[in-house]
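Please keep the structure in view while reading.

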Amino acid sequence: MKRIPVFPRELPEELSAGFAEIAAHEGFAIAADGIPITAHKGETYWLRRSADGLTVSYQTPVQFFRALSYLKECDLSPCEIHRQPVFERNGIMLDCSRNAVPTLDTIRSILRKMALMGLNTAMLYTEDTYEIPSRPYFGYLRGRYSLEDIRALDDYAASLGIELVPCIQTLAHLERALHWPQVDPDLRDTPDIMMVGQAKVYQFIDEMLDSVTKAFRTKRIHIGMDEAWSLGLGNYRFQNGFVPASQLMKEHLSKVCELVHKHGLEPMMWSDMYLRACSPTGGYYDAPDVLPQDVLDAARPDVDLVYWDYYHNDPAEYQRLMKIHEQFDSKIIFAGGLWTWTGPVPNPQKLRSTSIPALKECEARGVREVLATAWGDNGAEASLLTALYGMQLYAEYDYTGCTEEHTLAERFAACTGEHADAFSRMDEFNLLPGMLAHGEDPVNASKFLLYEDPLVPLFTADTAGLSFAEHYRNLAESYTGYTSEDPAFEALYRFYQSLAELLSLKCLWREQVGSIQRSNAGMAVSLAEKCAQSCNDCKLAWYTLWKKTNRPFGFEIIDIRLSGLKGRFETAAREFSALQNGEIESIETLCTEKLRYITDPEGRFNGCYAWGDCISACRI
């Protein structure tokens, strides 16, 4: 790595620890003859880069670290920047609960790159992946963080001017925490929702808050409370009869807030359950323009509301939903999506089309805090490293207002040291030639084509007449050219190269297998064996990436998925060998007529986001 010599001529003490970490890991070298750097705390943010060095005025420490990134640009001609950031708080939510728990070094690396981008907030989304000393099954075999782990991360973030914020769940999304037979059944309403009104539940939540208070220095906390679809409809209904979900939310929130305030914390929560309470369909985005008074009364002014919206491309929809949220007395925070959750490859095109209009509306309406969420639904198949490109977009909108791809590429290289093209073109894995998306959910071909069974192909009718093998072969060649001196990013590029190679072979299989007869069944045997070997190669590349970035827990799910696919190709080889030898007349699962699955009558594609939905018509 080329290291830029710098000399801290005049730096406030609050910057010294973070500066040392940035210098050690992000391409700088402290030298007496290096570029002189001077910084002071001021009322505004500005920087001057000239032949005399770098001079920075910062309001918050992270602004100084962003200024350092301007020394890593290709063009080091003199410049001055005086534009003030749009948002008071801008950051990332890292999902640490969907099987992948990032290592401390991975979080530290992301925090350093966040600092160079100028992002000042990092939320750790932990459903049960943090320690509660009195609850040994909470996060058991899930890679949970100890209190000491979080304290170390919190100290590290603070040295870089980043607030580390706990994001936990105090109502729903607790299926992994509640499913153990040893967990008190009185805690459960439904498998993933806790029993509102049960004293044991509030003791449990009190213990959650006690752990959080001991681990994080911030007083802010995200208490979740989202997507409690079946609230009051499980054990609660059997014991108490039917009670409207809005009433249960109000009761539960009141008790949770008592505990939150007891611990001296300042809560925020997702807003969706309030809007669902008055939706004609139970949805989130079709709430009426004027909310009923009882819904408004159910919310609390001392709990900030986080409006999450990952889907809309139309600015008018953000404007409408912002106006709806403004009817509450609570402060509004916006959370957009980085689209890391649709499979092994994220969707940067969807990220751009949703984030830019959302951020513009946030700026127009005076929203002062925004978050970019990096969820890992259905097994955390996409590495959190892939979130960095979207984080750069959030940062550049905030500080410069420029979100064009060439600008992001320059700034991404300066802040991460990596190839922006390797991230921005990941859409080529998903939205393939001839595919049109239906609705607001993006197409995720890299997932459903990866997991499609070779003998029971669910997507044959959907992709009739389309050919993708050459596309993925070219993509594999492209990713061969991306390399990095950072072992984690090198592992990321090698995984995507291997994934593209496997997808190319799988698509070659699905394009040829329908026309194979006994006379040429030997070709199918050979191709199935190549596909099985490629499954193994991809699994090993994935394992290397996982080991470089995550704790070992959770990879067993990826291992099972790829090993299962490899096994099915081995079965396919046996079936076609039997066909070749005259032992069978045909392969019934391939001969059965295939129907459309994820396309509409016009041939437009929906996504298929769950592994179990990709592999079989039978129940998993």
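## Basis of the report

A cavity is a set of points, on a 1 Å grid over the protein atoms alone, where a 1.4 Å probe fits but cannot get out, and its lining residues have an atom within 4 Å of a point. The model is predicted, so local features need pLDDT of at least 70 and side-chain atom pairs count only at pLDDT 80 or more, while totals for chains, interfaces and linings use all residues. Residues are numbered from 1 along each chain as its sequence is written, and side-chain values use heavy atoms, with hydrogens and water left out.

## The cavities

The structure holds two cavities of 30 Å³ or more; a volume here is the space filled by probe spheres set on the points, and grid points are joined across faces, edges and corners. The largest cavity contains about 130 Å³ of space. Its lining consists of 18 residues, and Ala100, Ala380, Ala382, Ser383 and Leu384 lie nearest its centre. Helix α19 (residues 521-549) gives the most to this lining, with four residues; helices (H or I, at least four residues) are DSSP runs, numbered from the N terminus. By class, the lining has 10 nonpolar, five polar and three charged residues, where Ala, Val, Leu, Ile, Met, Phe, Trp, Tyr, Cys and Pro count as nonpolar, Asp, Glu, Lys and Arg as charged, and the others, Gly among them, as polar.

The second largest cavity holds about 50 Å³ of space. Its lining is formed by Leu338, Pro346, Asn347, Pro348, Leu351, Thr386, Tyr389, Gly390 and Phe423. Two or more of these residues come from each of α12 and α13 (388-399). The lining divides into six nonpolar, three polar and no charged residues.

## Helices α11 and α12

Two packed helices are described by the angle between their axes and the distance between the axes. For α11 (residues 315-325) and α12 (residues 348-364), the angle is about 45° and the axes are 9 Å apart. Axes are lines fitted to C-alpha atoms, for helices over the stretch in contact, and angles run from 0 to 180 degrees between N-to-C directions. The two helices are therefore oblique to each other: angles under 35 degrees count as roughly parallel, over 145 as roughly antiparallel, 65 to 115 as roughly perpendicular and the rest as oblique.

Contact (heavy atoms within 4.5 Å) involves Pro315, Tyr318, Gln319 and Met322 of α11, together with Thr354, Pro357, Ala358, Glu361 and Cys362 of α12. These residues comprise six nonpolar, two polar and one charged.

## Helices α4 and α6

The axes of α4 (residues 147-159) and α6 (residues 199-215) come within 8 Å and cross at roughly 40°, which makes α4 oblique to α6. Leu147, Ile150, Arg151 and Asp154 in α4 meet Ser211, Lys214 and Ala215 in α6. This contact has three nonpolar, one polar and three charged residues.

Terms used
On a 1 Å grid over the protein atoms alone, a cavity is a set of points where a 1.4 Å probe fits but cannot get out, and a pocket is an open set with protein on both sides within 12 Å along at least five of seven lines; lining residues have an atom within 4 Å of a point.
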